[in-house]
Amino acid sequence: MCRAIAPALVIAGCASAARASLPASIFAPHSTPAREEHQLAIFVLWIALLIFLGVGSLLTYSILKFRARPNDDTEPPQVFGSLQIELSWTIIPILIIAVLFLGTARVLFSVQDAKKPANALDVVVIGHQFWWEYRYPQYNVVAANELHIPVSPASAPHPTFMKLTSADVMHSFWVPQLGGKTDLLPNRVNEMWIDPQSPGVYVGQCAQFCGPQHAKMLLRVSVDTPEEFNAWIKNQQRTQAELAQAQVALASVPNPGNQSKGSVPPNSPPTHGAVAVVPTEAPDNAINAHNGQIVFEQQACINCHAVAGTMANGRYGPDLTHLMSRATLGSGAAQNTPGNLLAWIADPNTFKPGCLMPAMHLNDRQNAQITAYLLTLK
Amino acid sequence: MADQSYPVGQGVEVTVERSPARGTWLEVVHDWITTVDHKKLGIMYIAYALVFLLVAGFEAMLIRIQLIKPHNDFLSPYTFNRMFTMHGTTMVFLVGMPILFGFGNYLVPLMIGARDMAFPRLNAFSFWISSFAGLLLYYSFIGGVGLSGTGSAPDIAWFAYAPLTEKAFSPGHTTDYWAIAILANGIGSIGTAINIIATVFCMRCKGMTLSRIPLLPWLYATMSFLVLVAVSPLTACQAMLLLDRYLGAHFFDTQAGGSAILWAHFFWIFGHPEVYVLVLPAFAFANEIIPVFSRKAIFGYPAMVAASVGIGFISLGVWAHHMFTIGMTSFGNAFFTLSTMLVSIPTGIKTFNWLATIWGGKIRFETPMLFSIAFLFQWVIAGLTGIMLSVSAWNWQLHNSYFVVAHFHYVLVGAIVFMIFAAIYYWYPKITGRMLDETLGNWHFWLMVIGFHVTFDVMHFPGLLGMPRQIYTYEPDRGWNTLNFIVSIGGFIQAIAILIFVYNMVHSYFRGDDAGPDPWDAWTLEWATASPPPVYNFAIEPEVASRRPLWDRKHPEDPDSAFE
Ligand code: HEM
Ligand SMILES: [Cu+2]
């Protein structure tokens with residue numbers, strides 16, 4: 001019965017082996033908060049193991065030792081108690097608890113009350129049923145589902161400080177290798193920070209039951225080198241400008257969507273904008289990005305989704321401006337391939353039954369056109 | 001009301017026929033429905049809970065089949081979410097509480113030498129309103145989407161966090177059924193709690209001073225105080241939720257400025273003590289069974305009482321350890337870490353006292369004792385993982401992961417259900433007059449222990465590897481596949497064990513050996529009556545001079561009363 005704890009230590013011991021194969025193990029920390037929690041965990045596990053071995057062997061010994069012999073009907077001596085013995089097993093636990101508590105408090109305060117350095121990256125994380133929205137107020141960038149942050153090597157620390165809130169129900173942000181989870185609540189802003197020291201992609205997922213698709217509210221955190229991160233941010237910003245120009249050339253209609261992203265509150269209602277200004281029929285039926293955009297803008301897509309630089313500025317669903325820079329669709333529900341994209345538009349509920357994007361009931365040509373358009377959103 | 005015609009003051013023990021003449025089945029049914037006898041009500045509670053144990057166990061099996069491999073599509077996400085919500089709600093409210101109340105009802109008056117509970121009619125009312133709650137909760141399968149809907153059930157998790165339960169996110173009526181069921185159940189629980197407290201403190205027989213009350217009634221009284229303090233806020237917040245949903249109040253409606261944290265506080269102010277409401281009776285069973293099968297008096301009776309009352313008190317101040325990730329201040333987190341850790345002191349005292357009771361005894365390994373020993377081991381582990389979870393800075397990693405699911409099943413199954421089994425094997429002879437079969441009991445025990453550990457030991461690891469709870473499916477590349485497979489297999493082994501147990505209960509009822517009044521050679525008053533006891537329990541009101549009246553009677557040369 002001691003199997004419960006011993007293997008935990010084995011796992012802890014094999015942490016380095018676990019790194020490659022177990023992408024969400026809390027025993028393979030990559031960020032200061034996760035590392036401190038991990039060290040604390042090992043400390044607590046040792047104490048627990050020692051207590052277990054002590055009590056467990058006492059129990060085992062007494063069961064084996066004090067079995068009734070057959071045919072012995074006499075009663076053993078009756079002992080009613082002993083003050084000294086009971087005092088001893090009151091005081092010893094108090095000491096153990098003192099040690100445990102002090103150890104916990106040290107990590108607790110150092111992680112939770114850490115000061116934010118001047119160069120920290122700010123990210124606002126907004127939980128939605130069933131996807132993630134990320135805002136970078138310092139860069140005026142809005143992204144969805146895949147979080148990009150810079151690496152924070154010990155030589156040049158560059159931590160990320162997150163403010164977390166929710167647009168609907170409770171969610172919880174949990175990437176085990178980077179740090180413990182923090183809940184996202186509507187009407188409230190929580191905070192947490194991470195400083196991953198090695199680049200790579202770290203996975204996690206929502207850890208607070210939030211509705212039918214809670215299971216597929218997955219998280220990907222891409223920890224980039226400073227160059228990669230700058231390039232990523234540049235791309236996010238540059239394409240906005242580019243798309244804005246392309247949009248002017250494309251439809252030459254007033255463009256309510258081309259506004260600063262950072263200032264849109266999470267619950268702002270979908271904008272119906274200038275839908276009526278756009279011709280109701282696509283000029284020709286060729287399957288290309290241009291027609292795809294027209295269909296996209298004619299349909300309710302733009303009530304929920306934003307594409308920077310176009311009239312689409314819905315905030316209910318994920319921002320699609322850089323859709324093709326993401327590896328997955330639907331917050332991890334499927335790989336982001338053209339085939340999956342097409343199927344997703346045709347009926348998102350095949351991937352994520354219960355997800356809040358409805359099937360749009362378009363014809364095959366229109367779906368293909370929209371896909372062609374989305375494929376250009378790099 | 002008790003039969004007025006029983007013979008009083010004859011100075012003889014009355015033995016009754018095991019099967020008094022029965023009327024037609026209608027009379028029997030009428031008899032059970034209108035009964036106010038604490039023993040019949042106790043049996044009904046237990047039977048009711050065992051039925052729901054099978055139902056909720058079945059739901060657990062569906063959950064485990066779905067999780068046996070990644071990307072399984074055995075259940076739809078909706079069904080899965082309903083299954084774990086119903087499983088959790090049923091196990092806590094329709095299995096755990098009623099079965100423990102059932103034993104309390106049956107045993108407390110007998111053990112303190114009373115003829116019934118203090119308020120027999122309130123007792124019947126409590127039972128019937130609680131069973132109405134069960135009915136209502138399960139009616140949601142039919143009525144959830146409207147009166148003649150296609151069938152549904154609540155899918156909000158057993159803690160029903162706001163604002164997921166608000167109309168905006170839970171349209172339809174399933175959440176209403178859930179809330180009203182919890183409310184009705186709460187009324188029943190509070191009635192029973194008042195009844196138990198009044199019975200223990202006002203109905204004791206002659207000579208039973210506070211320091212001579214057997215530990216079981218003591219713990220039931222403590223547990224009942226906890227019910228009073230904890231279930232009231234739960235009932236209140238159900239009313240608030242219903243106000244939100246029907247009258248547009250904004251307690252938890254975040255879309256209109258309500259607070260999600262408010263619900264969490266309300267719920268856990270109930271939810272944490274609830275664990276002790278369930279576990280104190282389990283302790284109570286251990287306090288009765290372990291001494292009898294070790295042939296020794298319980299070690300440190302006063303410390304046992306003090307520790308239980310202490311656990312009750314401390315448990316009221318620890319609820320926010322369920323909320324370490326919700327965004328409390330660091331000071332708040334530290335406070336709840338410390339208060340939670342403090343619970344382990346009285347708990348440790350209890351554990352060591354059990355150990356000391358076994359120490360130097362002559363242990364008989366009959367089925368009740370087997371389950372009690374497994375309980376001791378499992379309780380120690382549950383306690384240790386509990387301490388780990390109280391380490392708030394590490395809890396940020398463990399919270400809402402499968403580690404937590406493993407931990408609370410160590411408490412709920414490893415401790416509570418195991419002690420319930422022990423109690424059934426121990427008191428079944430008293431209740432039915434027949435022994436349960438020992439061979440089947442051994443099969444039940446060993447399969448249960450093996451199944452339990454295969455399921456719940458292993459379940460810690462997906463948690464440590466980042467698997468959250470309440471997910472209907474998972475990605476194959478996380479390293480959780482094999483672990484989940486093993487966990488599911490363990491679940492099936494437990495299911496088989498429980499089926500053997502059910503068979504044993506039915507079979508032994510008709511075929512079991514006759515028990516006689518005192519098959520285990522025990523020491524408390526319930527064993528002084530016939531099995532099953534007559535309606536009025538004791539023909540003459542007993543009088544006691546120590547905590548173990550039957551020991552005194554059996555060992556006139558060495559009576560406990562000489563030490564007091
Ligand atoms: C064979 C025995 C059992 C098995 C295999 C089992 C299995 C499970 C599983 C797999 C879950 C997790 C669902 C999820 O979070 O995704 C769960 C949840 C739960 N179980 Fe059990 N369980 C068993 C017995 C019990 C018992 C006896 C109790 C209580 C007396 C209980 C109380 C709960 C509770 C409260 C939850 C949480 C439900 C929620 O998250 O809303 N279980 N069980
Ligand atoms: Cu979520």
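**Notes on the metal sites, core and backbone**

1. In this predicted model, the site of the iron atom of ligand 1 is octahedral, with angles of 88 to 179° among its six donor atoms. For comparison, ideal angles for six octahedral donors are 90 or 180 degrees. The iron atom is coordinated by the NE2 atoms of B:His87 and B:His409, at 2.0 Å.

2. The two histidines belong to separate helices: B:His87 lies in helix H3 (residues 77-111) of chain B and B:His409 in helix H13 of chain B, so the pair ties together parts that are 322 residues apart in sequence. Both B:His87 and B:His409 are buried.

3. The copper ion (ligand 2) has its protein donors in chain A: A:His171 through ND1, A:Cys206 and A:Cys210 through SG, and A:Met217 through SD. These donors lie 2.2 to 2.4 Å from the copper ion. Their spacing along the chain is H-x34-C-x3-C-x6-M.

4. An unreviewed UniProt entry annotates residues 118-235 of chain A as "domain: Cytochrome oxidase subunit II copper A binding". In the model, this span is 50% strand and 8% helix. The C-alpha atoms at its ends lie 24 Å apart.

5. The largest nonpolar core comprises 269 residues. Within this core, the residues with the most contacts are A:Tyr136, A:Phe173, B:Phe285 and B:Trp394. Helix H13 (residues 402-432) of chain B supplies the largest share, 23 residues. In chain A, domain 1 (2-66 + 83-112) and domain 2 (121-236) both contribute residues, so the core lies between them. A second, separate core has 24 residues, including A:Ala334, A:Trp344, A:Cys355 and A:Leu362.

6. The surroundings of A:Tyr136 may be inspected in detail. Apart from neighbours within four places in sequence, A:Tyr136 is in contact with A:Leu121, A:Asp122, A:Val123, A:Val141, A:Ala143, A:Leu147, A:His148, A:Phe229, A:Trp232 and A:Ile233.

7. Two peptide bonds deserve a check against the backbone. Most peptide bonds are trans. The bond from B:Ala162 to B:Pro163, however, is cis, with omega near -5°, and B:Pro163 is placed in the loop between helix H4 (120-143) and helix H5 (174-202) of chain B. B:Ser531 and B:Pro532 are likewise joined by a cis peptide bond, with omega about -10°. B:Pro532 is in the loop between helix H15 (481-511) and helix H16 (549-554) of chain B.

8. Positive phi values also call for comment. Most residues other than glycine have a negative phi. A:Asn140, in the loop between strand S2 (131-136) and strand S3 (141-144) of chain A, has a positive phi near 60°. B:Arg295 also has a positive phi near 60° and lies in the loop between helix H7 (260-294) and helix H8 (301-315) of chain B.

9. Is each of these two residues buried or exposed, or in between? A:Asn140 counts as partly exposed, because its relative accessibility is 35%. B:Arg295 counts as buried, because its relative accessibility is 4%.

Methods. Residues numbered from 1 in each chain as written. Chains lettered and ligands numbered in written order. Predicted model: local features only at pLDDT ≥ 70, side-chain atom pairs only at ≥ 80, totals over all residues. Heavy atoms only, no water. Core = buried A, V, L, I, M, F, W, Y, C linked by side-chain atoms within 4.5 Å. Buried < 20%, exposed > 50% of the residue type's maximum accessible area, 1.4 Å probe, protein only. Helix = DSSP H or I, 4+ residues; strand = E, 2+ residues; numbered from the N terminus. Domains from an automatic or database assignment. Contact = heavy atoms within 4.5 Å. Donors = N, O, S within 2.8 Å, 3.2 Å for Na, K, Ca; no water. Tetrahedral: all angles 85-135°; square planar, octahedral: opposite > 155°, others 65-115°. UniProt positions renumbered as here; feature names shortened; annotations may be inferred.
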